[in-house]
Amino acid sequence: QVQLVESGGGLVQPGGSLRLSCTASDSIFGTSTMAWHRQAPGRQRELVALITPGNTANYRDSVKDRFTVSRDNGENTMYLQMNNLKPEDTAVYYCYCHATSTWGQGTQVTVSS
């Protein structure tokens, strides 16, 4: 079973930026649609962005023009560049591999002054 490891979370002020990474343990990554989800306290997990093996990306409306998802199939790694962060972006961010229905352990993003 593929393992996914996220990194890059942290505390940032409103308007700041963070870059999340998700590295997979298996080369099946290269043939799978990958996704970022997030879950804020007391709320359901929601899809943030996804990217197909061919690099087609889709975003939830609230992050369009602020977040960019990308992937490096040679490194089995997916990224989420998050700019102009807002307090409502505060959540645990998870990566997800569609091919194996596998979740990462999550990384905390906190946006606060």
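Residues are numbered from 1 along each chain as its sequence is written, and side-chain values use heavy atoms, with hydrogens and water left out. Because the model is predicted, local features need pLDDT of at least 70 and side-chain atom pairs count only at pLDDT 80 or more, while totals for chains, interfaces and linings use all residues.

**Cysteines**

A search of the whole structure finds one disulfide, a term that stands for a pair of cysteine sulfur atoms within 2.5 Å. This disulfide joins C22 to C95, and the torsion about its S-S bond is about 60°, so the disulfide is right-handed. The pair links distant parts of the chain, 73 residues apart, with C22 in strand 3 (residues 18-24) and C95 in strand 9 (residues 91-97); strands are DSSP runs (E, at least two residues), numbered from the N terminus. Both C22 and C95 are buried, that is, under 20% relative accessible area with a 1.4 Å probe and protein chains only. C97 is also buried, with a relative accessible area of 1%, but its sulfur is too far from the closest cysteine sulfur, in C22, for a bond.

| Sulfur pair | Distance |
|---|---|
| C22 and C95 | 2.1 Å |
| C97 and C22 | 8.4 Å |

**Largest pocket**

The largest pocket holds about 160 Å³ of space, and of the 14 residues that line this pocket, R38, R43, E46, S62 and E88 are the closest to its centre. A pocket is an open set of points on a 1 Å grid over the protein atoms alone, where a 1.4 Å probe fits, with protein on both sides within 12 Å along at least five of seven lines, and lining residues have an atom within 4 Å of a point.

Notes
Grid points are joined across faces, edges and corners, and a volume is the space filled by probe spheres set on the points. Helices (H or I, at least four residues) and strands (E, at least two) are DSSP runs, numbered from the N terminus. Buried means under 20% relative accessible area, exposed over 50%, partly exposed in between (1.4 Å probe, protein chains only).
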